[in-house]
Amino acid sequence: MTSNPADQHKSGFARNYFPDLEARIQAALTQDLDPRRGTLEAAVHYALDVRGKRLRPLIMLTLVDALGGDPERYIDLATAMEYIHTYSLIHDDHPAMDNDDFRRGKPTVHRRFNDAIALLAGDTLLTMAFEKIAAQPGLPAETLIGFMRLITRCIGMRGMAGGQALDLEFSGEQDVIPDIHRMKTGELIRGIMVGTGEFMNQDSQRIQALDRAGSEIGTAFQLADDLLDLQGDESLVGKKLHKDGHNRSPNAALFFGIDYVRKEIDRSYRITMDALKSAGITFPPFLALMRMMVYREL
């Protein structure tokens, strides 16, 4: 999977780099699932068999490539990150939370099946993620335990779940918006970057740089999402937009202004690039992915 310089074009990496990686991820996500085996398995398959950016596994596998490893070795670990993300979307869309009808270009899981099956599908994906992590070949048990500890912290009370709780309780307090963004979205992205550096046996300086870059790019990614809700095209994005104002959601662009958010995105992107440069991480596809995340060219 590592790119061959002879195959690279003037943009700095192979033209089919991301499409090939996305296709490999998509195949791995559903290869063990058969929707004919029952409603729950059908719901899990339905949630995964969609068009999507597959951003979190792309971050991991492209970073592996940047650090001199073979992305193909870590496909299962990367799919676990997409399982976690998809579980969070199913629960986020649930009537008990945001009550959305549309996700990734088709009806949400609770609309296609029912509320109870949607909850169980999310629960199943989360457990599948840790099954994948535990079964990752080629890494020592202590390395996998450390990776699992990091990711669980990033998606628990101090991360994704806690951020979702703050989002649900939000009643207009501007000062809590950065915490919501960092916890609900940024922490998993940071954890993936730090965790990849750790299982790739990088030194402490490089891992600290990945920590800083992950924190900044993760938050900027959510800020870009806030802008997208105000200015995006639903037919291209695949989910309902222009609802944050009506719901008084913690959208930074609504509370701080579009110009402010754009400046914050630019600031975080510069910090990310500086951190990666300081660590000697210059692999063109990985740097391109960082840019695509915040300027939504992906």
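This text leads through a pair of packed helices, then a pocket, and then a cavity.

The structure is a predicted model, in which local features need pLDDT of at least 70 and side-chain atom pairs count only at pLDDT 80 or more, while totals for chains, interfaces and linings use all residues. Residues are numbered from 1 along each chain as its sequence is written, and side-chain values use heavy atoms, with hydrogens and water left out.

Two packed helices are described by the angle between their axes and the distance between the axes. Helix α7 (residues 141-155) and helix α9 (residues 177-199) have axes that come within 8 Å and cross at roughly 165 degrees, where helices (H or I, at least four residues) and strands (E, at least two) are DSSP runs numbered from the N terminus, and axes are lines fitted to C-alpha atoms, for helices over the stretch in contact, with angles from 0 to 180 degrees between N-to-C directions. Because of that angle, α7 is roughly antiparallel to α9, a term for angles over 145 degrees. From α7, the residues T143, F147, L150, I151, C154 and I155 meet residues of α9 that include M183, L188, I192 and F199, contact being heavy atoms within 4.5 Å. By class, the residues of this contact are 10 nonpolar, four polar and three charged, where Ala, Val, Leu, Ile, Met, Phe, Trp, Tyr, Cys and Pro count as nonpolar, Asp, Glu, Lys and Arg as charged, and the others, Gly among them, as polar.

Helix α9 also takes part in the lining of the second largest pocket, together with α10 (204-231), α13 (252-256) and α14 (258-278), each giving two or more residues. The space in this pocket is about 230 Å³, and of its 15 lining residues P178, T219, L223, Y260 and E264 are the closest to its centre. The element that gives the most to this lining is α14, with five residues.

A search of the whole structure finds one cavity of 30 Å³ or more. On a 1 Å grid over the protein atoms alone, a cavity is a set of points where a 1.4 Å probe fits but cannot get out, a pocket is an open set with protein on both sides within 12 Å along at least five of seven lines, and lining residues have an atom within 4 Å of a point. The largest cavity has a volume of about 130 Å³, and A47, I90, R103, T108 and V109 are the closest to its centre among the 14 residues that line it. Helix α4 supplies the largest share of this lining, four residues.

Definitions and conventions:
Parallel < 35°, antiparallel > 145°, perpendicular 65-115°, else oblique. Points joined across faces, edges and corners; volume = space filled by probe spheres on them.
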